[in-house]
Amino acid sequence: MPECQNCGSFVTEAYVRVFAPNGMESVRVCPNCEDKLRDGASIRQARSSRGN
């Protein structure tokens, strides 16, 4: 099963297919990551808390 390289959360294969760079089998960051987020093709630190 694919998982996020940042937080280790489970991600679906469809999510990996859409959001991972070509040739990668997992994503670098997912919606469950509280400390990082995607900014286009780049990954950056979150500027504010994304937790509940």
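Author: Helices (H or I, at least four residues) and strands (E, at least two) are DSSP runs, numbered from the N terminus. Read from the N terminus on, the elements of the chain follow the order α-β-β. The radius of gyration is 11 Å, close to the 10 Å that the globule rule gives for 52 residues, so the chain is as compact as a globular protein of that length. Here the radius of gyration is taken over C-alpha atoms, and the globule rule is 2.2 Å times the number of residues to the power 0.38. Along the principal axes, the C-alpha atoms fill a box of roughly 30 × 20 × 15 Å.

This is a predicted model, in which local features need pLDDT of at least 70 and side-chain atom pairs count only at pLDDT 80 or more, while totals for chains, interfaces and linings use all residues. Residues are numbered from 1 along each chain as its sequence is written, and side-chain values use heavy atoms, with hydrogens and water left out. The predictor's confidence in each residue, pLDDT, runs from 0 to 100. Its mean over the chain is 84, and 90% of the residues reach 70 or more. Confidence is highest in α1, at a mean of 92, and lowest in β1, at 75.

Y15 is found in helix α1. With a relative accessible area of 15%, Y15 is buried; buried means under 20%, exposed over 50%, and partly exposed in between (1.4 Å probe, protein chains only). Contact means heavy atoms within 4.5 Å. Leaving aside neighbours within four places in sequence, Y15 is in contact with A20, V27, V29, C30, P31 and R38. R47 is 32 residues from Y15 along the chain, and their C-alpha atoms are separated by 24 Å.

The segment before α1 contains P2. This residue counts as buried too, at 13% relative accessibility. Not counting residues up to four places away in sequence, P2 touches S9, F10, V11, T12, E13, V16 and E25.

Beyond the helix comes the loop between α1 and β1, where P21 is found. P21 counts as partly exposed, at 29% relative accessibility. P21 and V11 are ten residues apart in sequence and 15 Å apart in space, C-alpha to C-alpha. E34 also lies in the loop between α1 (13–19) and β1 (36–39). E34 is exposed, its relative accessible area being 55%. From E34 to S48 the C-alpha distance is 9.0 Å, and the two are 14 residues apart in sequence.

Back to the whole chain. Of its 52 residues, 27% count as buried. Among contacts between residues at least 6 apart in sequence, 14% join residues at least 24 apart. The chain exposes about 3,900 Å², of which carbon and sulfur atoms supply 44%; accessible areas come from the Shrake-Rupley method with a 1.4 Å probe, and for residues only the protein chains shown count as cover.
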